[in-house]
Structures are given as structure tokens and as C-alpha cells.
Amino acid sequence: MPYHFFFGASGAGKSCRLQHQFLVEAQQSLSSFSSVQYLFIVPEQYTMQTQKDLVLASPTGGILNVDVLSFGRLAHRIFEEIGTDPRTVLNDIGKSLILQRLADRLGDRLPVIGGNLHRQGYISEVKSVLSEFMQYDLSVDDVRRLAAFAGERGALRARLTDLAALYQAFQEYEQGSFITAEETLDLVAEAVPRSALVRNAVIVFDGFTGFTPVQNRVIAQLMKYARRVVISLTLSDDGGRPISLVEREKDPGDEQALFYLTRKTVASLTRLAEEEDIPHEPDEFLTGEPWRFRAVPALAHLEHRLFRYPVTAYAEGQKDGDSAACAVSLFEASSQREEVRQMMIRMKALAKEEGYCWRDFAVVAGDLTAYADLLREAGAFQL
């Protein structure tokens, strides 16, 4: 079945446009008594907000044949329809307990990380690394090859060697009895051809920067069997490359390019679609000034010009002073601690004087660990 990409800059209104478009289609489908389902696949943390947006945007105040799912909920819906694997699905706590037990068994075979696994939070970090291995389809041999590739970087090589041993023990332990949430996506890819839900669905992927190899396999199967698939990605002109040709590119280009991750995602999905002979409809592009920043031209300029060359200065100017009307402001601090202090003073003033909520603020930093420690010391969480 056909698929296409839906491109636009950050804040261009991609989600709103897709939601309104498919709400109209869904209403027409209900009126004609069609069995078509409209599935919005979004990251786990966006499911509730997307549901709320769809309900508020619906002219009838309801979304009877529209559903919002994450990859995990999609797996649940498909398994509910066609049956599940009899193995128990391990959650994060289960994986951590098994890894702790295996680490105790391996003992001296884990000379680097073995002695640290009883430290608070360490087993959780190891579990996260092994989860990444599964998500990106790395085998034990792949991890061992990475350890060999580390060469003279002894600490990295030793850690990877320990992780490979623990990874192998974990896979052997779960064989036939357990399955991880990351591995369920492989079962979903195998089950898609038997799913009536998928065959009668129009599927939209929204809110993703990229996909893991395991997710790519699921998407390839969905593109093959669903009525239609739309993949929304953030992309705008990043240096003169013709955006209209992006769907034909097999090489994502320079890794330092601003939208390299998007181009890499497009290239990998296009290759998978061509292998399955899935038709590619013309892509859609949202151009013009970002809708999200239509009332704040300074931020619109920043979004359009950041990391682009040649450099173009913002000529409109901003209001002076500390009011919220000043969209972009800079200040220089004598230390990171003073930077945190001034930031907290500014946040507190905006909350008290201009009615901002704490959820309206985001702190973006290069060193999150150091920043979090400074915030805790300063009592930021008790503002």
C-alpha cells in the first residue's frame, strides 16, 4: 500500500494539519459506514496530549474511528487481535533483577562492571545499555566486535567485553521463558500480515526524529499491508539542497548537516519500501514561516537561520527590559553556579509577576548532571 512523507520546519503546523485532515477523512468514513480505522502512532509520552488535541479539534467532539497509539500500545492491540506469545514480557524491574542475579553468577568474568553492580543505580544503567543493544538489533558478536574495535582504549574495551558476557548470559537465561519489550516488536512485524486492524487502517507516524532498526522493520510491514502510511518528519532548507528531491536520496549526506537524522530516516525507510515494492506517493511539504512562532518573529528568525550560512542578522529589534515580550535574551555569568542562580531568579519573577506555570519552563544544558546538582543545591525544586 502507498506511503509518503510529510515534511515541514519545527513549529510549521505538521501535527495540526495532519490531525485536521484525517479527522475529516474519519468523519466521512463513518458517514459511509466504512470500516477504515485511523491510527496515530506517536512517542509514548505524547499519547495523552495527542488524544486531547484530536478530541478538541474534532467537529463532533469525538474520535470513534481514530486511535492514538505508541509502539507498545500498537503491539498490545495486534496481539489482542491475533493472540500473544506465551512467554512472559519482562518489565524494567524484571530485567534489573535478572541482571543482578546473572552478575552474581558470573562473578570474576565481569572484572570491570561486576564490582560496581551493587552500587545504587548502576544496575539500571547496565539494563539501559542492554536495552539499547536490543533496540538497535545488536547481537553478542556485534558487541564483541565493538570491543575489539576499541583497540588501545583499554577501559572501553574492558567494559564492552563485560557487557557482551552479561548480554549473552541474559539471552540464554530468557530463552524460551521470557521476552523483553524491545523484542516484542519483532513479533509485531511477524504478526502484521495477519492483522485485520492493520489492513483496514490509515496510519500516521508523528512526533518522531528517527526510528530504531527494529521499529523500521515494523514500519516496513505496516507500509506493506496498511491502506496508507504517512510519516511526518521535521525538515526544512538547510543550506540550499533541494528539499523536493529528498525522497529520492539514498545517501543522507554529511553527518554534521542540520537535518542529518531526518535524511537518514528518509533514506532507510525508502530503501526498505523499495525492497518490498511499496508505492511511494508524492511527498507533502509545509513551507513559509513556522506557524508556532507567528506571533514571535524573533524566534521565527532563530528557527529559520540557526546554523545556516550565510549568517543573516535579525533586523527587527526587540523590546528592552525584562518583560516576556523580549523573546530572546543573553547574559554572561561569572560561573555556572551564578548562571543557575540568575536563571532561577528569572523563572521565579516570570511565575510571580506574569502568571507562568512551572511546566512552561525548560532548562537545556550541555552538562545535565552538573546542572541538576546545582539546581538541587539551590533548592530549585522548592521554588
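Here is a walk through this structure, from its overall size to its sheet, a few helices and its cores.

What you're looking at is a predicted model, where local features need pLDDT of at least 70, side-chain atom pairs count only at pLDDT 80 or more, and totals for chains, interfaces and linings use all residues. Residues are numbered from 1 along each chain as its sequence is written, and side-chain values use heavy atoms, with hydrogens and water left out.

Let's start with the whole chain. Its C-alpha atoms fill a box of roughly 65 × 65 × 40 Å along the principal axes. There are 14 helices and 8 strands in the protein chain; these are DSSP runs numbered from the N terminus, with helices being H or I over at least four residues and strands being E over at least two. Of the 383 residues, 40% are buried, meaning under 20% relative accessible area with a 1.4 Å probe, protein chains only (exposed is over 50%, partly exposed in between). Take the contacts (heavy atoms within 4.5 Å) with a separation of 6 or more: residues 24 or more positions apart account for 74% of them.

Now for the sheet. It is an open one of 6 strands, ordered β3-β2-β6-β7-β1-β8, and the pairing is parallel; two strands pair if DSSP finds at least two bridges between them. Strands β3 (66–69) and β8 (284–286) stand at the edges with a single partner strand each, so one side of each has no neighbour in the sheet. From one strand to the next, the twist averages 15°.

On one side, 4 bridges join β7 (residues 228–234) to β6 (residues 201–205): Val202 is partnered with Arg228, and Ile203 with Val229. Strand β1 also pairs with β7 in the parallel sense, over 6 bridges, and there Gly8 stands opposite Thr234.

Helix α2 (residues 47–57) lies across β2 (37–41) and β3, at about 160° to β3. Those angles run from 0 to 180 degrees between N-to-C directions, with axes as lines fitted to C-alpha atoms, for helices over the stretch in contact.

Next comes helix α3 (residues 71–82), whose end C-alpha atoms are 17 Å apart; that agrees with the 16 Å its 12 residues should span at 1.5 Å a residue, the expected span being 1.5 Å times one less than the number of residues. Which residues of α3 are buried? They are Phe71, Leu74, Ala75, Ile78 and Phe79. Just after α3, Gly83 takes a positive phi of about 105°.

Finally, the cores. A nonpolar core is a set of buried Ala, Val, Leu, Ile, Met, Phe, Trp, Tyr and Cys residues joined through side-chain atoms within 4.5 Å. The largest has 39 residues, and Ile41, Phe71, Ile203, Phe205 and Ile231 have the most contacts inside it. Elements supplying at least two residues each include β1, β2, α3 and α11 (260–275). Apart from this core lies another, of 26 residues, with Leu106, Ile113, Leu117 and Ala164 among them.
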